[in-house]
Amino acid sequence: MKKVIAMLLAVVMLFALCACGSTNSDSKNEASSGNKVVKIGVFEPTSGQNAAGGKKEILGIEYAHSLYPTIEINGETYDIELVYADNGSTAEKAPSAAQLLISNGVSVVIGTYGSGCAIAAGDLFASAKLPAIGTSCTNPQVTLGNDYYFRIAYIDPFQGAVMANYALKNGCKNCVVIVEAGDDYSAGFGNYFSEAMIAAGAQCSTITFQTGETDFSTIMATIKSAGYDGIFAPVSIETAAMIISQARDSGVTCPIMAGDTWDDISIAQRTGDKATDIYFSAFFDAADESNTEGKAFVEGFKKWVAEDKTRIENNGGTADVISSVTPCGYDAYMAAVNAIEKAGSTEGAAIRDALAALEVKGLVTGDLKFDENGDAIKTYAVIKTIKDGDIVYYSTYNG
């Protein structure tokens, strides 16, 4: 009986490994091209509430990969293979996605959209000595105390100060922050905005809602009766559209502000003419003609997306709009490639050391250099708005 049970367990384990796409192949095995292979993990949400953002970051990664599919390591050419793991947009699912990448023998990880998932996986990557390059995960806890996590985007204390500066300059002195309970990004970003407002002498209150909540009528009634002159809502793409629509339906007319997650065309599409007085910070402005690398990226990316139906769908149903998280994915891939070349190795520890000392000029989101925490050194942010159904540039912040 024990032998039968053991055989059944072995079959189940084999099936599970096949189902999740796990492999035991060495990253130095030869590809069909005859080249050796180095694997880069893509740790992004393709399901759950952050799937739309995750897919846009993956497009940036894949576009970079289409331009730079190989890499030279100590005089040998390696093919770069992308290995995907869906973290499901939740901190509960993120660890299993991280383990999948670790078991697949990737040399470096890119991602993710959503700070909670990055924080949940961070210790696993560090324990495996596997460097990770965050894309738009902006909570400071992602990299703090973790020598193996780096980040392309600016962080929430900076982003919070940017939006508080905007609010104060535009007459908002009594704001309310709407945050998702238990979400690291939402709660953290909201707190930094609130701290910056209060430090400047303004008033700022906080209202929380539960994950999955869709009826914000009670919250809007409270906001309207309290007479707040500004709303700050660092929430997901899905929730953003509901907050905008329900605020305007309830007669709340004050400016609604947010951060990087709102740079997504689907929000404008779903809210229509209700999207008035909307302002949010972003990493990149596709219309900036002064950014030479950015201009080339915009032209090439739009053409590349237009060539494939699935790419168009993952880009929000259009090839003409670029979310600012997409170049974050592109730049994270380029940082990985540069670090691998500098390390002259496919070993995680060597790549980690190369990342810590990395300096890359002329990436899409600007020159790249990491500070002692692994955060990109940034002093520049774009503020965007929604106008006539489009996301457009509003102003620039230079700290």
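## A buried aspartate in a loop

D264 sits in the loop that links strand 10 (256–258) to helix 9 (265–271). Helices (H or I, at least four residues) and strands (E, at least two) are DSSP runs, numbered from the N terminus. This is a predicted model, in which local features need pLDDT of at least 70, side-chain atom pairs count only at pLDDT 80 or more, and totals for chains, interfaces and linings use all residues. Residues are numbered from 1 along each chain as its sequence is written, and side-chain values use heavy atoms, with hydrogens and water left out.

Is D264 buried or exposed? D264 is buried, because its relative accessible area is 2%. Here buried means under 20% relative accessible area, exposed means over 50%, and partly exposed is in between (1.4 Å probe, protein chains only). The D264 side chain also makes a polar contact with the side chain of S266, at 2.6 Å. A polar contact is a pair of N or O atoms within 3.5 Å; within protein, one must be able to donate a hydrogen and the other to accept it, and residues adjacent in sequence count only if both atoms are side-chain atoms. Apart from its neighbours within four places in sequence, D264 is in contact (heavy atoms within 4.5 Å) with A52, K56, I237 and I391.

## A helix neighbour: I267

Now move along to helix 9, where you will find I267. I267 counts as buried because its relative accessibility is 0%. If residues up to four places away in sequence are not counted, I267 touches I237, A240, I244, T261, W262 and I386.

## Strand 14 and its partners

Two strands pair if DSSP finds at least two bridges between them. Strand 14 runs antiparallel to strand 11 (residues 278–282), with four bridges joining them. In that pairing, A282 stands opposite V382 of strand 14.

Strand 14 is also antiparallel to strand 15 (residues 390–398), and eight bridges join these two. Here I383 stands opposite S395 in strand 15. Strands 14 and 15 form a hairpin with two residues between them, and D388 in the turn has a positive phi of about 55 degrees.

Look at strand 2 (residues 70–73): I71 and I73 make up a covered face, while T70 and E72 make up an uncovered one.

Strand 2 pairs with strand 3 (residues 76–86) in the antiparallel sense over four bridges, and I71 stands opposite Y78 in strand 3. These two strands form a hairpin with two residues between them; N74, in the turn, has a positive phi of about 55 degrees.

## Pockets on the model

Grid points are joined across faces, edges and corners, and a volume is the space filled by probe spheres set on the points. The largest pocket holds about 380 Å³. Its lining has 25 residues, with Q49, N50, S89, E180 and D183 nearest the centre. Helix 4 (115–127) and helix 6 (184–199) each supply at least two lining residues, and helix 4 has the largest share, three residues. By class, this lining has seven nonpolar, 13 polar and five charged residues. Ala, Val, Leu, Ile, Met, Phe, Trp, Tyr, Cys and Pro count as nonpolar, Asp, Glu, Lys and Arg as charged, and the others, Gly among them, as polar.

The second largest pocket has a volume of about 260 Å³. Of its 17 lining residues, A286, D320, V321, I322 and I391 lie nearest the centre. Helix 10 (292–306) and strand 15 are the elements that give two or more residues to this lining, and strand 15 gives the most, with four. The lining of the second largest pocket has nine nonpolar, one polar and seven charged residues.

How many cavities of 30 Å³ or more does the structure hold? There is one, and the largest cavity has a volume of about 30 Å³. D264 is one of the residues that line this cavity, together with G53, K56, Y113, I237, D260, T261, D263, S323 and V325. By class, three of the lining residues are nonpolar, three polar and four charged.

How values were computed:
1 Å grid on protein atoms, 1.4 Å probe; cavity = no way out; pocket = protein on both sides within 12 Å on 5 of 7 lines; lining within 4 Å.
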